[in-house]
Amino acid sequence: MKILTWNINGIRACKQPLKAELADLSSDIICLQETKVTRHQLDEETAIQDGYNSFFSFSRKKSGYSGVATYCKEHATPVRAEEGLSGALSDKTRGIEGIIGHYGDLSEFTDEELINLDSEGRAVLTEHQYRDSSGETKHLVVINVYCPRADPDREGRLDYKLQFYKLLQTRAEALIQAKKHVIILGDFNVSHKPIDHCDPDADEEKFYAKQSRRWLENFLQDTPPCSKYQGDSSHQKAKHFVDTFRFFHPHQENAFTCWSTGTGARQTNYGTRIDYIVSDVKLCQEEFEDCEILQDFEGSDHCPVSALMKGHSIASDKLPGICTKFMPEFLGKQQKLSVFFKKDVKVSGSNRVEQNCGSQENLNSFKPQNLLGKRNIAMSKFGPPAKKSKMQQKTSSKKNASITTYFKRTPPGIQSLESDVCQTDSQEQLSSAGGVIDSMRRPQLDDGNTCRDMTQSSVDVSSISSSSLSCKDKSVDTKCISVMSNKKAASSWRDIFKGPPPAPLCKGHKEPCVLRTVKKVGPNLGKQFYVCNKPEGHKSNPEARCGHFEWVVSLKKMKLDKTLDEK
């Protein structure tokens, strides 16, 4: 039997269809984390896959956040399945046979804390009948988890993470006491040992000072190479679980499962190992053959981790109640609101037609467009919209100016000229080789003459084409000025698309830097800076990013501008 875990980072954001992804993963039990899908966002193509039975846990706090899913092949159909670690989300109406049970001592948690820990959709449990290599049938519980991240910008997340670890350990150890084998797999959001980190602290005591790392050190049985740091062993309990990858590959370095996509760290393998397949010690020693990290499998900022076992799973005759096939919207007993807004309503199966519509005739006559309340203009009491008058059409047609008019620079003399002129109703746009011609009128002077001689203004007369001047009104002389020539138009477009100045060269590689923007909330939010364009990596790697950093606008100039603005 082959089991696999993968933080998919959005089940709806796969580069290829989910069916193809599952086929490429090629495992009997596939556990996905960070699905980022809620119950109302789950579609049938994701929930129901041919040859698989799926079990989801959704975040009840916010959309597009957290979430886990377990896909089991039909020959590995579980006997029972349950959402959450505490049992607070279990449907007690299904009876004792529908839940896995064995929650342990939860007296340290309040009911509100238990509901809060399970409300983010971070755990799905499936119980399987497993026939081991000796032919004996045993009960195996697979716990698919996505442990919280202690976001430093969010208050209380570290306490939430540690509470989740404590609840996970309590439930896993209770299942061990119930004589069941247990496998915990998923994203633990913590690296265990210095060998699992790309840039660990040289001082091991400082490295293990992280509370989540101390918990994992006390939870897992040590495997070689043993670290010198032993922690506080005065009140340690017996350790029931082991990291299966380190059990088979204790000395393998650079075995990372997660990288920063923003810095391109995957190209230099500058990451951490935070995805695990953890098993109870006896099961690992007797039934596991190997555990490997599939670093070449792309599609997320994490890579899958798989393990091969000697035995195989026995399919259950009855599906657990929380299987997605029993959800009303996929069973045919209930439709989502979004169905009525689709152009083509596809209904498969005669049973679904009978349940939803009663007859095939009703289904054929049903048109979802009618539910939108589309107004018939002919029947409206207000009548059709009024047509534009000829004067309005003529005015609107004049507004369709050439695109170059939005980018051309008006000479200073024209600006002073335009402040005194009045636009008449008989103005007309004339086209020429140089661009757009504006018809303008100057007011008459008291002595009967027209506008003052253009040579007295600041406009360069030599740049004005005599052919562009015309007179439409006999009483008023209107002089039209062609502002742009072909050469000036080309120059204007070059000014528009000249782009930003070239990026500076980094000090380490003498290559153009890449432009970044500060997104972290703080005094520098929104400011731009240049860094080396190489991917992030270890300092000893010549192909990794050098330490070049340069603000687009120097901090001194920023402070000076701010001071001037305040004054």
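The questions and answers below concern a predicted model. Local features in this predicted model need pLDDT of at least 70 and side-chain atom pairs count only at pLDDT 80 or more, whereas totals for chains, interfaces and linings use all residues. Residues are numbered from 1 along each chain as its sequence is written, and side-chain values use heavy atoms, with hydrogens and water left out.

User: How many helices and strands does the chain have?

Analyst: Helices (H or I, at least four residues) and strands (E, at least two) are taken as DSSP runs, numbered from the N terminus. Counted in this way, the chain has 15 helices and 21 strands.

User: Is Asp187 buried or exposed?

Analyst: Asp187 lies in strand E8. Leaving aside neighbours within four places in sequence, its contacts (heavy atoms within 4.5 Å) include Asn7, Gln33, Tyr146 and His302. Buried means under 20% relative accessible area, exposed over 50% and partly exposed in between, with a 1.4 Å probe and protein chains only. Because its relative accessibility is 1%, Asp187 counts as buried.

User: How far apart in space are Asp187 and Tyr276, C-alpha to C-alpha?

Analyst: In sequence, Asp187 and Tyr276 are separated by 89 residues. In space, the distance between Asp187 and Tyr276, taken from C-alpha to C-alpha, is 6.6 Å.

User: Where is Asp199, and what is its relative accessible area?

Analyst: Asp199 is found in the loop between strand E8 (181–187) and helix H5 (204–207). Asp199 is partly exposed, and its relative accessible area is 44%.
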